[in-house]
Amino acid sequence: MGNSSKDDSLTDGDASSGDAPPSKTSLYTEGEKVLAYHGPRIYEAKVQKAELMKKEWKFFVHYLGWNKSWDEWVGADRLMKLTEENVLKQQELDKKQGVDKNVKSGRSAHTRPKSSADVKAEKEDTKTNVVKTKKRKTESVAEEGASSEKSVKIQIPSTLRKQLVDDWDFVNQQDKLVKLPRSPTVDEILSKYLDYRSKKENTTSDSLAEILKGIRCYFDKALPVMLLYKKERKQFQDVVLDDMSPSNIYGAEHLLRLFVKLPELLAYVSIEEETLTRLQQKLTDFLKFLQKNQSTFFLSTYDSIKGVEGKGKGKDD
């Protein structure tokens, strides 16, 4: 199960890769509580439906404690029985990722639903400080209500979602890093997209240029704060000097992480609804451009941490 988060399809109804005939009975039943992989983490979920799709059992799951918008179809390789042994696996995985420090502040690059371990931790907080917890919950509900009025939805294509999972696995499981500087860089990719749209529309859009300028600005500011994994921070300190912009050093791998965080970043920006709709369309089109050029823009493998750090700029820590 440790590799299932990496190998799963992440999309509804994808074809099964196995040739063995499927079992006539499902491993999981409707209404059953399970543990489910979602990206690099494991969460408590409930099976809503179980169906045989293209010779493979698929399960429609709801992540407990989270909005129904996160409900999705998954394969059996994404699920585990809710047993004491598997809960311990979940907790061990959380510890390895340093979830205790990051989940509540929203700093994890790809996580969404809460795991059962997080829920238990919150219950302990409630026992020790009821008043503080109630205040925190009230503020959380107020923030959620404010952001829901202007929810920014960015649909990341399935192949790019798989890219994100592989990206997490390379860094956190295989101890590998993206070799820097990248080519093409974030700045170059944005310029290529502007050229692509200009040729396609036979004109240069000032509004698109402003959007891409904004993406570049968001990337430069967000990278050191929320787009790097812990194992990448030393590399950042070695390579990105004071007078350098991350968008001129990093590439598509880290740019894609920004799109996971953009809804959160844009939720509290004052944008008119019509403008917001156009922005979402532009961002979606840009992601399709990344997907179209995925084999060119993204690395298929990363370098070992020791090898990458050995090739640093020699900057003193």
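**Close-up views: salt bridges and a covered strand**

**View A. K81 and its partner E32.** With a relative accessibility of 35%, K81 is partly exposed, a class that falls between buried (under 20% relative accessible area) and exposed (over 50%), computed with a 1.4 Å probe on protein chains only. The model shown here is predicted, so local features need pLDDT of at least 70 and side-chain atom pairs count only at pLDDT 80 or more, while totals for chains, interfaces and linings use all residues. Residues are numbered from 1 along each chain as its sequence is written, and side-chain values use heavy atoms, leaving out hydrogens and water. K81 meets E32 in a salt bridge, with 2.9 Å between the closest N and O atoms. Here the two partners come from distant parts of the chain, 49 residues apart: E32 sits in the loop between α1 (4-7) and β1 (33-38), and K81 belongs to strand β5 (residues 79-81). E32 counts as buried because its relative accessibility is 17%. A salt bridge means a side-chain nitrogen of Lys or Arg within 4 Å of a carboxyl oxygen of Asp or Glu. Helices (H or I, at least four residues) and strands (E, at least two) are DSSP runs, numbered from the N terminus.

**View B. K231 and D175 join two loops.** The closest N and O atoms of this salt bridge are 2.4 Å apart. K231 lies in the loop between α8 (206-227) and α9 (233-239), whereas D175 lies in the loop between α6 (158-173) and β6 (176-177), 56 residues apart. K231 is partly exposed at 32% relative accessibility, and D175 is partly exposed at 36%.

**View C. K234 and D238 within helix α9.** These residues are four apart, about one turn of the helix, and their side chains form a salt bridge at 3.0 Å, N to O. K234 is partly exposed, at 34% relative accessible area, but D238 is buried, at 7%.

**View D. A network of E72, R78 and R161.** Salt bridges with shared partners bring these three residues together. Across the whole structure, a search finds 14 salt bridges.

**View E. Strand β4, covered on both faces.** Take a look at residues 72-75: E72 and V74 face one side, W73 and G75 the other, and all are buried. β4 pairs with strand β3 (residues 56-63) in the antiparallel sense over four bridges; two strands pair if DSSP finds at least two bridges between them. Within this pairing, W73 is the bridge partner of F60.
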